[in-house]
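I have opened my notebook for a first walk through this structure. Here is what I am about to look up, entry by entry.

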Amino acid sequence: MTDSASAGKPRLFYSEGSPYARICRMALREGGLSQAVEETVTTLRDPSAAVLPYNPVGRVPALALPDGATITETTLILGWLDGHGSRPAMLPASDAGLAAYGRVLGLLDGVAVWNRELRRPASERSPSVIALELVRANRVADVLETQAGQGAFSTVDAGFLALAAVLGYAERRHTVWKWREGRPVLERWFDQASRRAAFCETLPPPSGI
């Protein structure tokens, strides 16, 4: 290969709508590594997708390294960034920070399932899955409302970026979820987080859901 990864510069593959990849893209900017890693957009669910030679699973984010290895999954990529100069480090050092990050990832996973279900033809959707994910999302968001009111997510780390990504996803690509209703603390938190340059530079395109 003669691409940037083989020539010595890691390459982060992403799709513009992926909140998982957006976490990593924001982390590059917040951690001071945006010039050290090239970002390459790719299609998904496409036999000619640019990411497939590097990640046969066909998912993003995928970080192709100069030695030929490709690291996939958001948390593993954040760990790699931490080990290669991210300042601040992205993965929380405390148990409480890791727990908060994991909780937000669980919320994001549920919202992704919900969104995927809504993208099916109406006749193929599962009402029980949609109902389950709505209940789950609201339950987790209520906990996050309380935690944010107690000072959680005040430091820019993986939990902060994941929360910004999932709420940002709901704002532009999953608007059926009215997460702001009854959650003034999260609303204020998000409005402040969305002013950060890393957030503004990675906005996903809106969709009709």
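Which side chains meet in a salt bridge at 3.0 Å, N to O? I found Arg180 and Glu187 there. By salt bridge I mean a side-chain nitrogen of Lys or Arg within 4 Å of a carboxyl oxygen of Asp or Glu.

**Ground rules.** I am working with a predicted model, where local features need pLDDT of at least 70, side-chain atom pairs count only at pLDDT 80 or more, and totals for chains, interfaces and linings use all residues. Residues are numbered from 1 along each chain as its sequence is written, and side-chain values use heavy atoms, with hydrogens and water left out.

**Entry: salt bridges.** I stayed with Arg180 and saw that it also pairs with Glu171, the closest N and O atoms being 3.2 Å apart. I then looked up exposure, where buried means under 20% relative accessible area, exposed means over 50%, and partly exposed lies in between (1.4 Å probe, protein chains only). Arg180 is partly exposed at 23%. Glu187 is partly exposed at 29%, and Glu171 is partly exposed at 34%.

I noted eleven salt bridges in the structure. Another of interest to me joins Arg59 and Glu73, with closest N and O atoms 3.3 Å apart. Arg59 sits in the loop between strand 2 and strand 3, and Glu73 in the loop between strand 4 and helix 2, so this pair ties together parts that are 14 residues apart in sequence. For these elements I use DSSP runs, numbered from the N terminus: helices are H or I of at least four residues, and strands are E of at least two. Arg59 is partly exposed, with a relative accessible area of 47%. I also wrote down a network of salt bridges that links Arg25, Arg29, Glu39 and Glu201.

Entry: Most residues other than glycine have a negative phi, and most peptide bonds are trans. Arg45 lies in the loop between strand 2 and strand 3 and is exposed, with a relative accessible area of 74%.

Next I checked for cis peptide bonds. One joins Val60 and Pro61, with omega about 5°; Pro61 is in the loop between strand 2 (38–41) and strand 3 (62–64). Another joins Arg87 and Pro88, again with omega about 5°. Pro88 belongs to the loop between helix 2 (74–83) and helix 3 (95–118).

**Entry: the nonpolar cores.** Which residues have the most contacts inside the largest nonpolar core? I listed Leu78, Leu163, Trp177 and Trp189, in a core of 53 residues. A nonpolar core here is a set of buried Ala, Val, Leu, Ile, Met, Phe, Trp, Tyr and Cys residues joined through side-chain atoms within 4.5 Å. Among the elements that give two or more residues to this core are helix 1 (19–30), helix 4 (127–149) and helix 6 (184–193). Helix 5 gives the most, with eleven residues.

Leu78 is in contact (heavy atoms within 4.5 Å) with Ile23, Cys24, Ala27, Met90, Leu91, Tyr101 and Ala158. I also found a second, separate core of nine residues, including Tyr14, Ala21, Tyr54 and Ala64.

**Entry: helix 5.** Is helix 5 largely enclosed or open? I noted that 13 of its 15 residues are buried, so helix 5 is largely enclosed by the rest of the structure. The expected span is 1.5 Å times one less than the number of residues. For helix 5 this gives 21 Å, and its end C-alpha atoms are 21 Å apart, which agrees. At the start of helix 5, a side-chain oxygen of Asp157 reaches to within 3.1 Å of the backbone nitrogen of Gly159.

**Entry: the record.** I looked up UniProt, where an unreviewed entry lists residues 8–89 for "domain: GST N-terminal". UniProt positions are in the numbering used here, feature names are shortened, and annotations may be inferred rather than shown by experiment. Over residues 8–89 I read 27% helix and 17% strand, with the end C-alpha atoms 23 Å apart.

Methods. A polar contact is a pair of N or O atoms within 3.5 Å; within protein, one must be able to donate a hydrogen and the other to accept it, and residues adjacent in sequence count only if both atoms are side-chain atoms. Lists of a residue's contacts leave out its neighbours within four places in sequence.
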